[in-house]
Amino acid sequence: MSGDAEDAVPALAGVQGLKPLVTAFQGTVLDPTQPQYRQSDGLSYDHEPEMFTRGSAPRPLTAVAGRGATLRLSDGSELIDLCSMTENTVLGLNDPWVKLRQVSYVLSERPHYVTVRFGNDLYYRVANRLSRHFNKTGGGRDYVLNMRECTGSGAVELGLHAAWTAARRSPGRRRLASFVGAFHGSNLGGVLASDHQPERGSGRVLLDRADNVEQFPVPEAGPDGRLSPATLETLAALERDGEQYFAVIIEPIPWRNAVHVVPAEFLRRLREICTAKSICLIFDEVQNGFGFTGAIWHAETAGVCPDIAVLGKGLTSGHGTLSMIVADRAFGTVEPPFGFKSNSANMLSLVAVDAVLDRLLGVEGPDAGSLPDWLPTGLEQELREGLLSHTYAHAVRMIDEMLTELRHRFPAMAGRLTGLGLMRGLVMLGGDGLPSSAIAGEVARVCTGHGVHVRQAGTALFLKPCLVITQGEIGRALTALTRTFEAVAGSRAV
Ligand SMILES: Cc1ncc(COP(=O)(O)O)c(C=O)c1O
């Protein structure tokens, strides 16, 4: 791919130690570079929407290869993905280290699957590593883990169950506090806890809504840093009625609200109230967790520790499905059938989490001494340092510069910058100079045709690039976004 020359780390197939394996597969049915999805008459299965349930068919673009933030499409063109394959791949596409560790595991006779009936040392290793990190950075609390869910939605529901279970002895505690615009998942628990419902009223699963979910306004601070009156009123309401709530669930960065960052001051005061009133404080960190804001979880970023944190997405960087909850021991009870998903914890996902931790934080002391001597220098260096220590700041700086340049080029169209770290928003302005969800939607709709992928977040564009994005990719994204803005501005003028 055209970005390769600038990458510190070459593609996995180019790594010297793997050459014999790659060569052995070439030209055989095991060769993954051959087209995978052809019918016997040679026709492609691509884009046959009738194979799928309505609303779930893949979109017209087909990705056939990728590295980092660059995707190659089936028509041969390249596209810069500024949303990390829809917010999952914190290490970009095809991270060489995660794949290398998976390859090595696949070639062994180690169990590729684990259940709660049979322990497994890698399962314990990953749990131990995570547990040490959360307990070291968790403000002296005593955290326990559950790693038996596959999706963010599953982990959210598990967190709600754990909070509900902890409140069992207080029948008066039945309310859940959530926030306007929040999205917590697509299963029943996630849907009922969410406000963001694109198809509100169209009927979902068993229940359309839960009467015990209270939606509070998005917590905000003014330019002077002071919490807004509505935000103070939320705190006052929770203080007043705290005994009725079993939990508060909040996304630290509710990105659908123009990539808004919840003020740390609000989280601090919310923490105090939840502690005083014995309410379980749940951070839904499915979006921000695992590197996107420079840390593994928000406790490290905001200095506020939740009773339960929910993590998914970045956990495996897209190399497998796994999600988890981290719970203060007081909220750490789950009861069957919760927390024992029979198709969860496949070992390759656990290998991926371990490898993602290697990439983000650096390999642990004893492992650093036994890295293979044939690793490319760039990769070895990154594994010794951990990407969060240097690369993260560099990536954030490049994104800042790109967004600033866009604002400079399009002052009438590109407004305020929002977000944090690698979760960023650019508010789009309409002809009247006001934030416009129509313009943001239009940019998000047409951008792929110009070679870049960003999403809409209300009135803003949402960018969530991978940590390993390169200067060359940023340059190509800027060119593509410039073309996109010009096209949208042109059509607006007509
Ligand atoms: C904040 C948040 N929570 C939960 C979920 C659900 O995660 P999943 O789609 O993996 O079930 C999402 C998904 O985007 C999310 O953004």
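Colleague: Which residues form one aromatic cluster?

Modeller: A word on the model before the answer: it is predicted, so local features need pLDDT of at least 70 and side-chain atom pairs count only at pLDDT 80 or more, while totals for chains, interfaces and linings use all residues. Residues are numbered from 1 along each chain as its sequence is written, and side-chain values use heavy atoms, with hydrogens and water left out. Rings of Phe, Tyr and Trp (its six-membered ring) pair if their centres lie within 6.5 Å; planes under 30 degrees apart count as stacked, over 60 as edge-to-face and the rest as tilted. The residues that form one aromatic cluster are Phe179, Phe216, Tyr245 and Phe266.

Colleague: How many aromatic pairs does the count come to?

Modeller: The ring-centre rule given above decides what is counted. By that rule, the count comes to nine aromatic pairs.

Colleague: What is the distance, centre to centre, between tryptophan 164 and phenylalanine 246?

Modeller: These two rings form an aromatic pair with 90° between the planes, and that makes the pair edge-to-face. Their distance, centre to centre, is 4.9 Å.

Colleague: How many residues apart in sequence are the parts that tryptophan 164 and phenylalanine 246 tie together?

Modeller: Helices (H or I, at least four residues) and strands (E, at least two) are DSSP runs, numbered from the N terminus. Tryptophan 164 lies in helix α5 (residues 152-166) and phenylalanine 246 in strand β7 (residues 245-250), so the pair ties together parts whose separation in sequence is 82 residues.

Colleague: Which residue has its charged end over the ring of tryptophan 164?

Modeller: A charge sits over a ring if NZ of Lys or CZ of Arg is within 6 Å of the ring centre and within 35 degrees of the ring normal. Here the charged end is 4.2 Å from the centre of the tryptophan 164 ring, and it belongs to arginine 174.

Colleague: Which residues are around the ligand?

Modeller: A residue is near a molecule or strand if one of its heavy atoms lies within 4 Å of it. Ala, Val, Leu, Ile, Met, Phe, Trp, Tyr, Cys and Pro count as nonpolar, Asp, Glu, Lys and Arg as charged, and the others, Gly among them, as polar. The shell divides into two nonpolar, six polar and four charged residues. Around the ligand are Thr151, Gly152, Ser153, Phe183, His184, Gly185, Glu251, Arg256, Asp284, Val286, Gln287 and Lys313.

Colleague: What percentage of the ligand's exposed area does the protein bury?

Modeller: Accessible areas come from the Shrake-Rupley method with a 1.4 Å probe; for residues, only the protein chains shown count as cover. Taken alone the ligand exposes 390 Å², and the part of that buried by the protein is 84%.

Colleague: What is the phi of lysine 313?

Modeller: Most residues other than glycine have a negative phi. Lysine 313 is found in the loop between β9 (308-311) and β10, and its relative accessible area of 22% makes it partly exposed. Although it is not a glycine, lysine 313 has a positive phi of about 35°.

Colleague: Where does serine 84 lie?

Modeller: Serine 84 also has a positive phi, about 50°, although it is not a glycine. This residue is buried, with a relative accessible area of 2%. Its place is in helix α2 (residues 84-87).

Colleague: Is the peptide bond from proline 336 to proline 337 cis or trans?

Modeller: Most peptide bonds are trans. Proline 337 lies in the loop between β10 (323-328) and α10 (347-361). With omega near 5°, the bond from proline 336 to proline 337 is cis.

Methods. Buried means under 20% relative accessible area, exposed over 50%, partly exposed in between (1.4 Å probe, protein chains only).
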